[in-house]
Amino acid sequence: MSLATAPARPTSEPVAFTQAKLPRLAPALVGVVAVAAAALPVLLLGWGLIAWALVAGVLYLVALPAWARVVEGPRGAADRMVTGLVWAACLVAIVPLVSLLYTVVDRGLPAINSTFLTYSMYRTELDQEVGIYHALVGTLLITLGAAVISVPIGIMAAIYLIEYGKGSRLARWITFLVDVMTGIPSIVAGLFAFSLFILIFGPSTRVGIGGSVALSLLMIPVVVRSTEEMLRLVPADLREASYALGVPKWRTIVKVVLPTALGGIVTGVTLAIARVVGETAPLLLIAGLTTRTNFNVFSERMTTLPVLIYTQNANPGIAETPGGTPPGIEIAWGGALVLILIVMMLNLVARVIGAIFAPKTGH
Amino acid sequence: MAKSITVGDLDIYYGDFLAVQGVNMTIKARSVTAFIGPSGCGKSTFLRSLNRMHEVIPGARVEGKVMVDGQSLYDSAVDPVAVRRQIGMVFQRPNPFPTMSIYENVLAGNRLNSKRMKKAEADDIVERSLKGANLWNEVKDRLNKPGMGLSGGQQQRLCIARAIAVEPQVLLMDEPCSALDPISTSAIEDLIHELKSDYTIVIVTHNMQQAARVSDETGFFNLKAAGQPGQLVEFNSTQKMFANPDNEATEAYISGRFG
């Protein structure tokens, strides 16, 4: 077909770049109306707060797209609809989190006082003050032990996988096994450590380091995975630049690759620690339970915060006043708040460290 | 402190794939040798085989001879790390180390090899190398700023400074100007002219005017045919290559009659 026979393209019609739009306040307006309208059936039928929110949400998701369809057309309606859904999903995800944080702070804060963080549960008379000092020490020491075991192993394994074993059969197997390890239930890790220590040191062995071993089993795959990803991000250009300067491979890894990836690796390690610091089941098995403060991870039992929360909740004791909160429950809430604060602090530390070690751009 | 390189019957493989076949040439000391040719014909591969960077890629290997100063680079007793200390390389894309300052980047070759040196000595090397790379005046007031903060052309000259700071015998350059603007390119070309008096320089380039401007001798690489390995078609003095090449294919490529 030649160009001459093609119909001439009409050019005379003006092109419109503007179209009708809802006012900027339309979503807020519809939201207010939806909440108000939803209040009517909810009040009449005596439903609760959640039902009100649900009805209001559905009304909003129907009304705004309908209005938009009339004014803006189908594309505008679809846009309003999806925007609404995405916001709703975001709210649904955040509500439980905020509610949980609020409850823990609300119930835990009254329990925290000067003796709560400095006394252990050990007492010789019933009217003595108790606290979670022993569990705080236990948590920090056992987690530190787990980090000391798993960080070198994890980072070195990741270095092998990325720098040396790339594409080899062994590396593929290790990657597969690490993936499997990521999914190990924590109780299985606890049982492993439990049986290991019983086989070596005899029955009814309970030591803090056993807890560290169990936790490191859960931590190593996370450290390997995050370190692997970070090492993969280091451009091959940098390795080649280093080799071309006559730098041996191991020095290239230590002096060029690791420093470049350091920020990400530290963040990954900190997040792995945050992940295991709240483990209960394995520690219940192997670290045991005690009311005394124990600074030696290599002998005697050790209590950690999650285990303390669990046992206090299971055996709360009797409330001083009838109908009041039993003392164990109060301690459990206080312990939960402290645990959340520890995890939050670790996350903050990870962010700060990540920012400090991030490669500088000089801008 | 410059060496000549003699290459004899060099075949370069990636696994089972023969990438470059049967290269013979002698690269003269204290001169600039340029390699031209279409993309994918093995220029860079050949360049990387001159300082054993080729084998960094898994499965890559080489058959044949590369002799520097009477020693074969591919002898089993040769340490590739020792080779790379004598034969430095500048890459297509500037790649300063992102965790290091300008100062540390220049010293990287020395520091990473844990050479102990006094502060004055280190300062001296940094100044000499940066002056050698025509970068000193632009960065002397901000030596402790990150190397990544420089412009692309400055970064590339920083990489050249880093390469000459370890005082190699030979400097290999793999399309060092392909990512740079004409002003930075001309700065680097001037630099190549200056470096020629001390170093043996081998440069791969896609820019034929550049090859004509900077080099004393030129090698033209081409594929034998589609799917066949690359080969060295002609190796001659640059003057002859651009005025009156022996080979028809070279003339076709240089005059632009051939893709």
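How far apart do the C-alpha centres of domain 1 of chain A and domain 2 of chain A lie? They are separated by 40 Å. The structure is a predicted model, in which local features need pLDDT of at least 70, side-chain atom pairs count only at pLDDT 80 or more, and totals for chains, interfaces and linings use all residues. Residues are numbered from 1 along each chain as its sequence is written, and chains are lettered from A and ligands numbered from 1 in the order in which they are written.

Domain 1 of chain A covers 23–110 and domain 2 covers 133–357, with bounds that come from an automatic or database domain assignment. The contact between these domains takes 5 residues from domain 1 of chain A and 5 residues from domain 2 of chain A, where two residues are in contact if their C-beta atoms, placed from the backbone, lie within 7 Å. On the side of domain 1 of chain A that touches domain 2 of chain A, 3 residues are nonpolar, 1 is polar and 1 is charged. In this classification Ala, Val, Leu, Ile, Met, Phe, Trp, Tyr, Cys and Pro count as nonpolar, Asp, Glu, Lys and Arg as charged, and the others, Gly among them, as polar.

Helix 1 (residues 26–45) and helix 2 (residues 49–72) of chain A cross at roughly 135°, and their axes come within 8 Å. Helices are DSSP runs of H or I with at least four residues, numbered from the N terminus. Axes are lines fitted to C-alpha atoms, for helices over the stretch in contact, and angles run from 0 to 180 degrees between N-to-C directions. Helix 1 of chain A is therefore oblique to helix 2 of chain A; angles under 35 degrees count as roughly parallel, over 145 as roughly antiparallel, 65 to 115 as roughly perpendicular and the rest as oblique. The contact of helix 1 of chain A with helix 2 of chain A has 19 nonpolar residues, 1 polar residue and no charged residues. Helix 2 of chain A also holds A:Val58. A:Val58 has 13 other C-beta atoms within 10 Å and is partly exposed; a residue is buried if 20 or more other C-beta atoms lie within 10 Å of its own, exposed if 12 or fewer, and partly exposed in between, with C-beta atoms placed from the backbone. A distance of 61 Å separates the C-alpha atoms of A:Val58 and A:Lys249, which are 191 residues apart along the chain.

A:Thr139 lies in helix 4 (residues 133–164) of chain A and counts as buried, with 27 C-beta neighbours inside 10 Å. Beyond its neighbours within four places in sequence, A:Thr139 is in contact with A:Val277, A:Thr304 and A:Leu305. A:Thr139 and A:Thr303 are 164 residues apart in sequence, with a C-alpha to C-alpha distance of 7.3 Å.

In chain B, helix 4 (residues 119–132) packs with helix 6 (residues 152–165) at an angle of about 125°, the axes being 8 Å apart. Helix 4 of chain B is thus oblique to helix 6 of chain B. From helix 4 of chain B, B:Ile125, B:Ser129, B:Leu130 and B:Gly132 meet B:Ala161, B:Ile164 and B:Ala165 in helix 6 of chain B. This contact has 5 nonpolar, 2 polar and no charged residues.

Between the chains, the contact takes 23 residues from chain A and 25 residues from chain B. Helix 8 (236–244) and helix 9 (249–276) of chain A each supply at least two residues of the side of chain A that touches chain B. Helix 8 of chain A gives the most to that side, with 7 residues. By class, the side of chain A that touches chain B has 10 nonpolar, 7 polar and 6 charged residues.
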